[in-house]
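I opened my notebook to go through this model one topic at a time. Here is what I looked up, in the order I looked.

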Amino acid sequence: MNGVPVLYNSNRNSKDAGLDFKITYIWDGNNPQQTGNIVHIYNNETNETVYTATQTNFYKQECTVPANTLVNGTLYKVTVNVMCAEGVSSPSEPLLFYCYTTPDFVFTNLVQDQLIQNDSYQVRLSYSQPEGEELEDYYISLYSSDKTVIHTSPVHYRTEELSLTVTGMENNAQYYIKAFGQTVTGMQVETDFFLVSVRYLQPTIYSLIELANNARGGYTTVKSNIISLRAYVYRDGVEIDPTYVNGEMIDLRDSSQVLRFEDSFGVPDDFTIELKGCSFAPNSAPMVLSNGKYAISVYYRTGAYEGTGGVPKAYFDVRAAGELTYVGISNYIELPADNRLIGFMLTRRNNLYEIVAFDYGEEVEPL
């Protein structure tokens, strides 16, 4: 009879004896075709036979070991013989494998349908395993609401404290978060999918520079969340030198002056932009964006309305012209003093706009 089966060896074999699992092999004795297999499992320490089974299998090169046949926390070895019309093959070389209880691998600060009030969130995990099997590495994936992968973190090998930060979540969106890990003997573990809803007023800058060590590939990834922008001040269409307030803010109180970002800047499909200032003139437009296709203007307004209870308030409104014309207003804030720092954050996502007004609670030194 031709052929001796070869057991599949990943060099990291680990099974849960409490569950059905498979032993797989390769067999090149295809003439005649196999009709089944015989599996023998031994306790590696005592060499005692603990399980023998004959299974009919014409096509799949595998043997199924029923749940609770073996005992977790034990090292075993297995051999397989292939049966065919000519008889039974010689046994394969033995393969060692461990049996360990599937670990508990769970989020400790996530619940289903959790509301996250920021654009980033630090998730924490807990890992435990009854027989002391250690976790070797883990990573986290962020999914869209239809469970399409958006981002996967680098693999982390420091498992003393299981914590990773998920970044880049957009306002008014839903995501799924899921974590994956691997034990030192190769057992794959994962959490459930956790649905989260994101709603925030102001995103935080998670980090200007992110470094990711890709140990398996032998390289480091550097990601920057900032770009260099250069602006120019114009008066009546002529470029002039800017006047600064405290070396931080540009004085644009002259209504004939505008600030233009002309280098390395455009209106992307989706964006979030924040503008801070003081002494805004009512009904002025402190920000205008245009790229030939879109024209987006933000105006500073004051007034007393039904929504303010008849009390004068300040707010911003956005007017966007593109395929469709969109008009929206922000929340109301208290009327600011001339030196009070206020501003807005404008977000566009899927051609929908949201504008939020802020009073930063700071005062700017007068000129």
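**Aromatic cluster.** I began with the rings and found that Phe-280, Tyr-300, Phe-316 and Phe-344 form one aromatic cluster. My pairing rule takes rings of Phe, Tyr and Trp (its six-membered ring) with centres within 6.5 Å, and calls planes under 30 degrees apart stacked, over 60 edge-to-face and the rest tilted.

**Ground rules.** This is a predicted model, in which I number residues from 1 along each chain as its sequence is written, and in which local features need pLDDT of at least 70, side-chain atom pairs count only at pLDDT 80 or more, and totals for chains, interfaces and linings use all residues. Side-chain values use heavy atoms, with hydrogens and water left out.

**Confidence.** I checked pLDDT, the predictor's confidence in each residue from 0 to 100. The chain averages 85, and 87% of the residues score at least 70. Which elements have the lowest and the highest mean pLDDT? Strand E19 (residues 209-214) is the lowest at 59, and strand E10 (residues 104-107) the highest at 96. A reminder to myself: where pLDDT is low, the predicted coordinates should not be read in detail. Strands (E, at least two residues) and helices (H or I, at least four) are DSSP runs, numbered from the N terminus.

**Ring pairs.** The pairing rule gives 16 aromatic pairs. Tyr-315 and Tyr-332 have ring centres 5.4 Å apart and planes at 80°, so I filed them as edge-to-face. Tyr-315 lies in strand E29 (residues 313-321) and Tyr-332 in the loop between strand E30 (325-329) and strand E31 (333-334), so this pair ties together parts 17 residues apart in sequence. For exposure, I call a residue buried under 20% relative accessible area, exposed over 50% and partly exposed in between (1.4 Å probe, protein chains only). Tyr-315, at 9%, is buried, while Tyr-332, at 30%, is partly exposed.

Phe-316 and Phe-344 came next: their ring centres are 5.0 Å apart with planes at 55°, so the pair is tilted. Phe-316 is in strand E29 and Phe-344 in strand E32 (residues 340-349), 28 residues apart. Both are buried.

**Thr-308.** I found Thr-308 in the loop between strand E28 (295-303) and E29. Thr-308 is buried, at 9% relative accessible area. A polar atom of its side chain lies 2.8 Å from the backbone oxygen of Tyr-305. With contact meaning heavy atoms within 4.5 Å, Thr-308 meets Gly-303, Lys-313 and Tyr-332, leaving aside neighbours within four places in sequence.

**Leu-341 and Tyr-360.** Leu-341 sits in strand E32 and is buried, at 8%. How far apart are Leu-341 and Tyr-360 in sequence and in space? I read 19 residues along the sequence and 5.8 Å from C-alpha to C-alpha. Beyond four places in sequence, Leu-341 touches residues including Met-249, Lys-276, Cys-278 and Tyr-360. The charged end of Lys-276 sits over the ring of Tyr-360, 4.6 Å from its centre (the rule: NZ of Lys or CZ of Arg within 6 Å of the ring centre and within 35 degrees of the ring normal).

**Nonpolar cores.** A core here is a set of buried Ala, Val, Leu, Ile, Met, Phe, Trp, Tyr and Cys residues joined through side-chain atoms within 4.5 Å. The largest has 25 residues, and Leu-110 is one of those touching the most other members. Elements giving two or more residues to this core include E10 and strand E12 (121-128). Apart from it lies another core, of 21 residues, among them Ala-17, Trp-27, Val-65 and Val-78.

Notes. Polar contact = N/O pair within 3.5 Å; in protein donor to acceptor, adjacent residues only side chain to side chain.
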